[in-house]
Amino acid sequence: MSPTGRRRIDLGAIGLALVLGLGSALAGGPQPAQAARAYEFDLYRPGDFVSQTNLVQCVGASMQMMINLVSARDDRSAATQRRLWQLARELGPPRPPDRPPRRGASAYGWAAGLNQLDQGPYAIVGYPSLADALYAAARAMRRTGRPVGLLVWGGRHAWVMSGFQATADPAATDDFRVTHAIVLDPLYPLHSTTWGRSPAPGSSLTPARLGDYFVPRRGSWTGVLSGTWVIVQPFDLQPRPGML
């Protein structure tokens, strides 16, 4: 089943610190799913999607969509997208002097920007497999009612995961498997000559299909998340009634 309306979660005053770590311990790892009734969770509604206004503002557009997904009213303006992109750039770590300037915004700035805007807490987490990342994303979305960011193309592009389909409700059991991820690619309707055509907003992708885009992060100057499937994950330290 799908939510009948948007969920606005009061996260309280639990701080804006950006948490970093390998997430297999947090997720507990994907569990083998037995016979279970299919479950769907999706925050996406028509009007939430925005395309990036240029080739470098994918993080700003993704932040804009993530806020739209949990807000009563959508803001699709180019001015807001640029403001969010600039905020993420300001809050991201500085580049080493021997590396070229960053044209876009970092995933760290993405999470920190959402936190500063009271949309969090969000953290950058790297998982050892695609299955682990999807399992953790589904649990986090069910727990918080908030979307997840995906670092696709080996860390070069930003997507939003607005929902999922699973073999069971993550709020009711740990024994589930994610069968589809519902995604928003801000590059749409354009496409990459390297990575292929962008899925339409609200597309439901199997893990195998998602794996054509969502691959381990390639080497970065920090080195911490290299080789992991990286997500911008929401956390709620005090689950609300009806959440996991």
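View 1. The model is a predicted one, in which local features need pLDDT of at least 70 and side-chain atom pairs count only at pLDDT 80 or more, while totals for chains, interfaces and linings use all residues. Residues are numbered from 1 along each chain as its sequence is written, and side-chain values use heavy atoms, with hydrogens and water left out. Of the 244 residues of the protein chain, 52% count as buried, where buried means under 20% relative accessible area, exposed over 50% and partly exposed in between (1.4 Å probe, protein chains only). The secondary structure comes to 6 helices and 10 strands, which are DSSP runs numbered from the N terminus (helices H or I, at least four residues; strands E, at least two).

**View 2. Helix α2 packs against helix α3.** Helix α2 (residues 58-69) and helix α3 (residues 78-91) pack at an angle of about 110°, with their axes 7 Å apart; axes are lines fitted to C-alpha atoms, for helices over the stretch in contact, and angles run from 0 to 180 degrees between N-to-C directions. The two helices are therefore roughly perpendicular to each other, a term that covers angles of 65 to 115 degrees. On the α2 side, Val 59, Gly 60, Ala 61, Met 63, Gln 64 and Ile 67 meet Thr 80, Gln 81, Leu 84, Trp 85 and Ala 88 of α3, contact meaning heavy atoms within 4.5 Å. By class, this contact of α2 with α3 has 7 nonpolar, 4 polar and no charged residues, with Gly counted among the polar ones.

**View 3. Helix α3 also packs against helix α4.** The axes of α3 and helix α4 (residues 107-116) are 8 Å apart, and the packing angle is about 110°, so α3 and α4 are roughly perpendicular to each other. Leu 87, Ala 88 and Leu 91 of α3 make the contact with Gly 109, Trp 110, Ala 112, Gly 113 and Gln 116 of α4. The residues of this contact of α3 with α4 divide into 5 nonpolar, 3 polar and no charged.

**View 4. Leu 190 lies in the loop between β6 (178-184) and β7 (191-192).** Leu 190 is partly exposed, because its relative accessible area is 48%. The C-alpha atoms of Leu 190 and Gln 52 are separated by 10.0 Å, although these residues are 138 residues apart along the chain.

Terms used:
Parallel < 35°, antiparallel > 145°, perpendicular 65-115°, else oblique.
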